[in-house]
Each structure stands twice: as structure tokens, then as C-alpha cells.
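Subject: A structure for you to explore

Hi there,

Here is the structure I promised to send you. Have a look at it first, and then read on for what turned up.

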Amino acid sequence: MMDILLVEDDAVFAAMLARSLQRRGHAVRHAANVAAALQEVASAPQAIILDLNLDGDSGLRLLPQLLAAAPQARLLVLTGYASIATAVEAVKLGAVNYLAKPAGADEILAALGTVAADPERALPAAPMSLKRVSWEHLQRVLAEHDGNVSATARALNMHRRSVQRMLAKRPVRD
């Protein structure tokens, strides 16, 4: 049994995931925003599941604060806006794993339990689609500009509103 802190702004998803984890014998506390997460982490959870997009706030900015408050915790980033750039940043900041939504409770628990990388993991059957490559590039440039949409638009020689529209869309899944 693990004591898990779930930092997720989507109340319906959080309730469903918490119920699923509780059925598997884990204690789950939920924080819907940055302030609540910082308050809840004081009780030293064993695991933290962190959403990357917290109602406009970046989970990447919150990640180091959570690990500083609970250094023994295994932190998993779970996001509907997965990209290679954010996955790399999350791991650099101390996350033990990174999953794209939708992910089930068993997959989440397996990711939290993973201690080492798996060199036997199968490679993708096909290369990324052009839409996915575009999404990944946009996310990388956005990360290089610390999440600043205007600076990203200038770097890509695009209009700021075009970049905002692209960011508002869900990433393409391959």
C-alpha cells in the first residue's frame, strides 16, 4: 500500500483515478491546484502523480517544489499534453516516469514502481506522423522559451494567435 498525492485539476478524472487506486489498496489524497498541492505534500506522501497542465499553471514549475518538500517520494508526471520535450524536462527535474493520458491505474502503478529503464522495451512500429512531429517541435521551442507564447511565436516566425490555437488542440497520438 502506498500513500499517494494526486495533483490534478480535472475533478472528474481525479475522482475516477483516486477511486481506482483506492480499490487497489492505496491511500489517495487529491490536490486540485498548486496551493493545495504544496499544502498536501507536507504530509510526506510516498508517491506523487502530477498533471502537467494545472489550470494554466505548469506542473514542471511545481515539480521541484514537491520533491523538495517530499524528497523520498516517487513522482510521476501524467499529462494529456505529452511531448518529448516535456518528458525530458520532467525527468531532468526528478520525475521517475512520464505517462500520456489516458492511462489506467495499473499502468500508473507500474510506472511508479519502475526503478530502472528497460533496455528491452519495444521500439515503435512506425515513425511519428508529420502532425506529431510538428507538435513535438512546437513543444520543444515553447520549452526553450520558458513557456512564453509570444517569444515562441517570434522564434517560429508565426503569429502569436496561431501558436495559441495550435497549443489549445490536443496533441496528435501516433
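Let's start in the sheet: is E3 mostly covered or mostly open, and how many of its residues are buried? E3 is mostly covered, with 5 of its 5 residues buried. Please keep in mind that this is a predicted model.

In a regular strand, side chains alternate between the two faces of the sheet. In E3, Ala47, Ile49 and Asp51 point one way, while Ile48 and Leu50 point the other way.

With E1 it pairs in the parallel sense over 4 bridges, and Ile4 stands opposite Ala47 in E3. E3 and E6 also run parallel, joined by 5 bridges, and Asp51 stands opposite Leu78 in E6.

Now for the nonpolar cores. The largest one has 23 residues, and Val7, Ile48 and Leu50 are among those with the most contacts inside it. E1, E3, H3, E6 and H4 each supply at least two residues of this core, and H3 gives the largest share, 5 residues. A second, separate core of 20 residues includes Ile4, Leu6, Leu17 and Leu21.

Finally, look at helices H4 (residues 84–92) and H6 (residues 130–144). Their axes come within 7 Å and cross at roughly 45°, so H4 and H6 are oblique to each other. Ile84, Ala85 and Thr86 of H4 make the contact with Glu136, Gln139, Arg140 and Ala143 of H6. By class, that contact has 3 nonpolar, 2 polar and 2 charged residues.

Enjoy exploring!

Best wishes

Definitions and conventions. Residues are numbered from 1 along each chain as its sequence is written. This is a predicted model: local features need pLDDT of at least 70, side-chain atom pairs count only at pLDDT 80 or more; totals for chains, interfaces and linings use all residues. Side-chain values use heavy atoms; hydrogens and water are left out. Axes are lines fitted to C-alpha atoms, for helices over the stretch in contact, and angles run from 0 to 180 degrees between N-to-C directions. Angles under 35 degrees count as roughly parallel, over 145 as roughly antiparallel, 65 to 115 as roughly perpendicular and the rest as oblique. Contact means heavy atoms within 4.5 Å. Ala, Val, Leu, Ile, Met, Phe, Trp, Tyr, Cys and Pro count as nonpolar, Asp, Glu, Lys and Arg as charged, and the others, Gly among them, as polar. A nonpolar core is a set of buried Ala, Val, Leu, Ile, Met, Phe, Trp, Tyr and Cys residues joined through side-chain atoms within 4.5 Å. Buried means under 20% relative accessible area, exposed over 50%, partly exposed in between (1.4 Å probe, protein chains only). Two strands pair if DSSP finds at least two bridges between them.
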